[in-house]
Amino acid sequence: MPRFGSHFGAKNVQARVLIRPQNIYRLPTTYQPSLPPPAESYDIHRDAHTPIVIDNGSTNLRWGFGTSSTPYSGPNAVAKYKERRTNKPLLLFGEGIDSESGARSQARTPWEGDVLLNFDALENALDYAFIQLGIDTPTVDHPVLMTERLCSPLHSRALTSELMFELYGVPSLTYCVDGIISFYQNNLPPPSQPFSANGLVISFNTASTSVIPILRGKGVLSLAKRIPWGASQSSEYLLKLIQLKYPNFPTRVTTTQTNWMLHNFCEVATDFPALLRRLQDPLNLRASEVVIQFPFTLPVTEEKTEEELARIAEKRKEQGRKLQEMAAKTRMEKLLQKESDLQLLTGLKESKATDNKKEWINKLSAEGLDSETHLDETIKKLESDLKKARKKEAGEADDGPQEEPSFPLLDVPDADLDEDGLKEKKKQKLLKAGWEARARARKEKEREKEEREREEKKEEEERIWTLALMAKIKDRARRKAALGDRKSAAAQARMKSIATLAGDDRVPKAKKRKGGGEDMFGADDADWAIYRGTRIHLSTERWRVCEAYFSPGMAGVDSAGLGEVIQNLIPSFVESRSRPQTLDYPTDRAALIQNIFLTGAACQFPGLQERLHTTLQSLLPPGSPIKIVRAADPALDAWKGMAAFTRTDEFTKTGVTKAEYEEYGGERIKRWWGGNWNSEIVPSSEDDGEDDMEIDE
């Protein structure tokens, strides 16, 4: 896996690794899905009744003929999507969903957690599977072997059987448990001999973990246990821990990304409390950290120069002037319209003296007026509006100084004036007081206007200064970001300058000794600041997520862990002095509990086998041999085991036929060593001895 920063340059790689000892990984690049393989020829299987093997997993669907060595495979999800260009409805399966950007949000899986519920999606997935197998007949005339969950709900089984028998017309259908069949694949018996291996299967599924004892080649499902914790819950738990640790992370962390982190960096601790005590040391914690570098792109912003900003400001002013001119033109048009209306209504009022009453009333109605009073009110309102408009226009146009009127009688004594003179003097006093009040108001308005202009000018200067400062800051940040990208022109110019200074004899020797004459990019933590905002540091989370398999309560799940489940199984398979009776097949029972078989994708977590060995060592009698085996191919061994079983004579006796389905119902199955026991069909023949084993429950 490539490490972040491993390509900085061959000259100083070793020095930089010593400076930055952290394990830094980039998220994998998302690629377009590959084309599906072409459908195989159906001619060799057309009349051969070759069994079809279907591993219906929560994450992946695997299918193929029982004679094949490897299956077809794809993510078990479908999406109905309408293609934009042709407006054609599409049905996408598996990786094909990623080929359309809008189809991901409409994807559906047949599973809801650990229960098969969405049978429309299952039908679409099976349609795709049978098409890939090249089946071109009206019905699927092949026996089918299909997986189901341990203790599968009868509702899910009944609807699946109905789909197989009613829609596809299969001749027989057999269900099996994937963990048991994977164990069978890794312990295949010799030809013509029955399967008789002993072991304790721990099957790590997507939404659960199953513990199934297998005694003398038969699954003891009465003692099987299922823990409601699997890979999907682990991925969700890791995502919650990351969101809690980085609440303001700039990039959305998806489930696909946490799945990648889970399967690449998470481990099982042999002793989790001791590990936490060791990680209390900051040096140990830093050494154990894994740093995930998320994609980072600098935001592209269009920077404007001072000339462009000034040009934009001038353009805005010009637009403001145009708007003012348009408003003035509109006001003038309204004023002219009102003057025209006033002349028309005034002429209408004067025509009352010449026209007869009926004609005049008709003219009033034509103008939308009810009476002469309404006419007088309209004329009065128009005159008032015109007077106000003329005053406003006159006030805006008359900006020059006004000459002070004269009041000669104010200086004449009252004794020298007669009664009319006193009245005129009193009138002149009122006029002078009004004129002085208007003059004061005019001066106050001019002062406020000057202050407002000064404030606007000051704000404009401050705005221009702020914009210039912001432009400088952004330019500095852009240059700093460019220096962080070693392929940018700024970074290359910087490296060139450093190389030039390193070879310059004028540089003081003390400075050369201090820097060693090398490029020290990365020695200063500030050089890495540009990347830190998009990094996730996984420390204790790497072990905490996997510890939930042994202690689900730490993740909020009320269930026993793997250690406790195995501990509860031991009394049924190990002799005890406190037991009054002895167990049958004691050798096989001891071999079962000492032979642990791990299957499923999650069984590949580092440290899992060591943790289980430590757990069993403390539970079994001293000196007991312990063998923990992982499946040769945890992902495909279940399908390969099913394919191998279909090639045996025993397979023909385990399936439910169409006649039995119609008689007993879709939820009924035949009991056999690799399948579930619930809702079995009681055979009419004598029992094969399977139920004669004494199982201590």
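A residue counts as buried when its relative accessible area is under 20%. Arginine 149, with a relative accessible area of 5%, is therefore buried in this structure, which is a predicted model.

**Salt bridges around arginine 149**
- Arginine 149 and aspartate 178 form a salt bridge through their side chains, with an N to O distance of 3.9 Å.
- This pair joins distant parts of the chain, 29 residues apart: arginine 149 is in the loop between β10 (144–148) and α3 (154–168), whereas aspartate 178 belongs to helix α4 (residues 178–186).
- Aspartate 178 is also classed as buried, because its relative accessibility is 14%, under the 20% limit.
- Both residues take part in a network of salt bridges that links Asp114, Arg149, Asp178 and Arg226.

- The side chains of glutamate 444 and arginine 447 meet in a salt bridge at 2.2 Å, N to O.
- Glutamate 444 and arginine 447 are three residues apart in helix α12, so about one helical turn separates them.
- Arginine 447 is partly exposed, with a relative accessible area of 38%.
- Glutamate 444 is likewise partly exposed, at 34%.

- Glutamate 547 and arginine 611 are paired through their side chains in a salt bridge of 2.8 Å, N to O.
- The two partners lie 64 residues apart and connect distant parts of the chain, with glutamate 547 in helix α16 (residues 541–547) and arginine 611 in helix α19 (residues 608–619).
- Both glutamate 547 and arginine 611 are buried.

**Nonpolar surface patch**
- Trp465, Leu469 and Ile473 make a nonpolar surface patch of about 340 Å².
- Isoleucine 473 is located in helix α12, which spans residues 419–484.
- The relative accessibility of isoleucine 473 is 49%, so this residue counts as partly exposed; the exposed class requires a value over 50%.

**Setting of serine 288**
- Serine 288 is found in helix α8 (residues 282–288).
- With a relative accessible area of 10%, serine 288 is buried.
- A polar atom of the serine 288 side chain lies 2.9 Å from the backbone oxygen of leucine 285.
- Apart from neighbours within four places in sequence, serine 288 is in contact with Leu279, Leu538, Arg542 and Trp543.

Methods:
Residues are numbered from 1 along each chain as its sequence is written. This is a predicted model: local features need pLDDT of at least 70, side-chain atom pairs count only at pLDDT 80 or more; totals for chains, interfaces and linings use all residues. Side-chain values use heavy atoms; hydrogens and water are left out. Patches are made of residues with over 30% relative accessible area and no salt bridge: like charges are joined within 9 Å, nonpolar side chains (Val, Leu, Ile, Met, Phe, Trp, Tyr) within 5 Å. Accessible areas come from the Shrake-Rupley method with a 1.4 Å probe; for residues, only the protein chains shown count as cover. A salt bridge is a side-chain nitrogen of Lys or Arg within 4 Å of a carboxyl oxygen of Asp or Glu. Helices (H or I, at least four residues) and strands (E, at least two) are DSSP runs, numbered from the N terminus. Buried means under 20% relative accessible area, exposed over 50%, partly exposed in between (1.4 Å probe, protein chains only). A polar contact is a pair of N or O atoms within 3.5 Å; within protein, one must be able to donate a hydrogen and the other to accept it, and residues adjacent in sequence count only if both atoms are side-chain atoms. Contact means heavy atoms within 4.5 Å.
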